[in-house]
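Let's go through it together, a question at a time, starting with charged pairs.

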Amino acid sequence: MTRTTVDQPEDSAIREVEHLVEQVEDQPMTVIEPRPGWKALDLRELWPYRELIFFLAWRDIKVRYKQTVLGASWAILQPLALMVVFSAVLGREHAASPSIFPYPVFLYSGLLIWLFFSQAITAAGNSVLISRDMVTKVYFPRLTIPIASVGPAAIDFLIAMVLLIVMMAYYGIAPGESIVMLPILLLLAMMAALGVGAILAALNVAYRDFRYTLPFLVQIWMLATPSIYKDIYTVAEVEPAPNVAVADAGDGDTVVANRDAEAATEEEVPAAPPVRARSVSDWLELNPMTGLVGSFRAAVLGGPIPWSSLAYSATVIVVVFVTGCYYFRRSESSFADVI
């Protein structure tokens, strides 16, 4: 009589698991862990994911214009509508101030670079929340998300540039030698948008209040940027009227008084309250977008580039870009847990 041993189902399952464990132990293992402290930018890590960046950017472009009647024409209509509104409201006031460019083309060129920046930081600030499903399911460099979100804003900018070229041809404006600075200025604008957008994206994941305050902050920033103002650098350089005397009272103050040399002495001349010359432009110079917008306008329209203001803006933009990327990389390890 032959006895046959039949394995229990539990024993076969255990042996199967042990066999799999032996196979896994023989294979090299890669462990993905977050680096402690402030991580390096490690931009080389982004290069293998360049196709992912292109795919995410193309997805955002298709979603933006999906089921729209006008399609990509919205990229031109938005700055055009703002130009018409500001020209109607501020055109008469700015017509009296000195300028070498017509106000509509002056205004449109400033709005063009500002809208690119504002749309890019808004999209980058909300990009991680919009892509929460990807963040929680698969690993990839999270910095690719805000980078890809800048792409649609760049496409809108290039489309809107067509109208600026048409306006320049209508007014007979030709760009000068400073047009060679245009690629560098666009790169600085992208770096500024990505740096600020990366900081806002990381803060937006941890504190959802930024999602509601972001549009308000962009509007305030626009008012502090000379994208619609005309010649802020010549606030105190306009020649006075014939019956007005201008004197330097010291400490940078300008005293304006009524001139009547025959009827009054110097002590009898009524003086207006002191006016701080260039006080507005001094504050606006602290805004890094001031030099960038002014330099872009000068490069496109052929005016003189404010090199000192551009150097300050470029320095601040580089610092903001590096700081924003560092802060984003430091915070990305917790995105999947709190998003």
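Q: How many salt bridges does the count come to in this predicted model?
A: The model is predicted, so the count rests on computed coordinates. A pair counts when a side-chain nitrogen of Lys or Arg is within 4 Å of a carboxyl oxygen of Asp or Glu. By this rule, the number of salt bridges is 4.

Q: How many residues apart in sequence are the parts that Glu-45 and Arg-329 tie together?
A: Glu-45 and Arg-329 form a salt bridge, with 3.0 Å between the closest N and O atoms. Glu-45 lies in the loop between α1 and α2, while Arg-329 lies in helix α11 (residues 307-331), so the parts tied together are apart in sequence by 284 residues.

Q: Which residues do salt bridges with shared partners join into one network?
A: Besides its bridge to Glu-45, Arg-329 forms a salt bridge with Glu-332, where the closest N and O atoms are 3.0 Å apart. Arg-329 is buried, at a relative accessible area of 4%, and Glu-332 is buried too, at 10%. Through these shared partners, the network joins Glu-45, Arg-329 and Glu-332.

Q: Is Asp-156 buried or exposed?
A: Asp-156, in helix α6, pairs with Arg-64, in helix α2, and their closest N and O atoms are 2.3 Å apart. Asp-156 has a relative accessible area of 6%, and buried means under 20%, so Asp-156 is buried.

Q: What distance does helix α6 reach from its first C-alpha to its last?
A: Helix α6 covers residues 144-171, which is 28 residues. At 1.5 Å a residue, the expected span is 40 Å. The model comes close to that, and the helix reaches 41 Å.

Q: Which residue's backbone oxygen does the side chain of Ser-178 reach?
A: Ser-178 sits in the loop between α6 and α7 and is buried, with a relative accessible area of 15%. Leaving aside neighbours within four places in sequence, its contacts include Gly-302, Gly-303 and Ile-305. At 3.4 Å, the side chain of Ser-178 reaches the backbone oxygen of Ala-298.

Q: What accessible area do Phe-216, Leu-217, Ile-220 and Leu-223 have together?
A: One of these residues, Leu-217, is found in helix α8 (residues 209-223) and is partly exposed, with a relative accessible area of 43%. The four named residues form a nonpolar patch on the surface, and their accessible area together is about 400 Å².

Methods: Residues numbered from 1 in each chain as written. Predicted model: local features only at pLDDT ≥ 70, side-chain atom pairs only at ≥ 80, totals over all residues. Heavy atoms only, no water. Helix = DSSP H or I, 4+ residues; strand = E, 2+ residues; numbered from the N terminus. Expected span 1.5 Å × (residues − 1). Buried < 20%, exposed > 50% of the residue type's maximum accessible area, 1.4 Å probe, protein only. Polar contact = N/O pair within 3.5 Å; in protein donor to acceptor, adjacent residues only side chain to side chain. Contact = heavy atoms within 4.5 Å. Patch = residues over 30% accessible without salt bridge, like charges linked within 9 Å, V, L, I, M, F, W, Y side chains within 5 Å. Areas by Shrake-Rupley, 256 points an atom, 1.4 Å probe, with all protein chains shown as cover.
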